[in-house]
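Have a look at the model first, then read on.

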Amino acid sequence: MAFSRTELLSFQNARVPDLLGPGLRLLFVGINPGLWSAATGSHFARPGNRFYPALAAAGITDYLIRAGDGMAEEDRNHLIARGVGITNIVPRATARADELEAEELRTGARRLEGMIEELGPRVVAVAGVTAYRVGFGQPKAQLGRQPERIAGAELWAVPNPSGLNAHHNLATLAAVYREAALAAGIVPAGPA
């Protein structure tokens, strides 16, 4: 599937439905949907995004999910059966995360707290430490498990899987995602 720039821009401010189900143990939280994700209705869908390759490399999924053309129902069911969910701090789609205002991130973090209280995951993994710092009011936060919890869940800041994040490669993304999944009881201890 390919979209023209004009087609993608028509998805500005659109929303991508949360991927949630019963037995949620690990909730991944993106910053906000990109335009490609809004166009396909699938989180982390832009070609080149390393989210699903990292999940597969970490052993969180049994196979590589390909969401670039939209997520297949069997892939959604696989994630839900594994106890994995996906949402965003800010639900509206933008071309770039830097288009978001700090107040949107803070409001989104408060909204997220209510969602977590209702859903009860063991672990919440926010994919993007800079957005985490702003949204959660933790300017010195580092990647990994955070000292505070959110609505009873362990709170983690994990690297953003965007291909624009040059600080982390697929192996380092998979390693950090696996740590969060281990804490959530999604993967067994030991090598992926």
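A residue counts as buried under 20% relative accessible area, exposed over 50% and partly exposed in between (1.4 Å probe, protein chains only). Helices (H or I, at least four residues) and strands (E, at least two) are DSSP runs, numbered from the N terminus. This is a predicted model, where local features need pLDDT of at least 70, side-chain atom pairs count only at pLDDT 80 or more, and totals for chains, interfaces and linings use all residues. Residues are numbered from 1 along each chain as its sequence is written, and side-chain values use heavy atoms, leaving out hydrogens and water.

**Helix 5**
- In helix 5, the buried residues are Leu105, Gly108, Ala109, Leu112, Met115 and Ile116.
- Seen down the axis of helix 5, these buried residues fall within an arc of 125° (taken from the directions from the helix axis to the C-beta atoms), so they line one face of the helix.
- Glu117 and Glu118 are exposed, on the face of helix 5 turned away from its buried side.
- Gly120, with a positive phi near 70°, follows helix 5.

**Strand 3**
- Five of the five residues of strand 3 are buried, so this strand is largely enclosed by the rest of the structure.
- Val123, Ala125 and Ala127 point one way from strand 3, while Val124 and Val126 point the other way.

**Strand pairing** (at least two DSSP bridges between two strands)
- Strand 3 runs parallel to strand 1, with four bridges, and parallel to strand 5, with five bridges.
- Strand 4 and strand 5 run antiparallel, joined by four bridges.
- Two residues lie between strand 4 and strand 5 in their hairpin, and Ala151 in the turn has a positive phi of about 50°.
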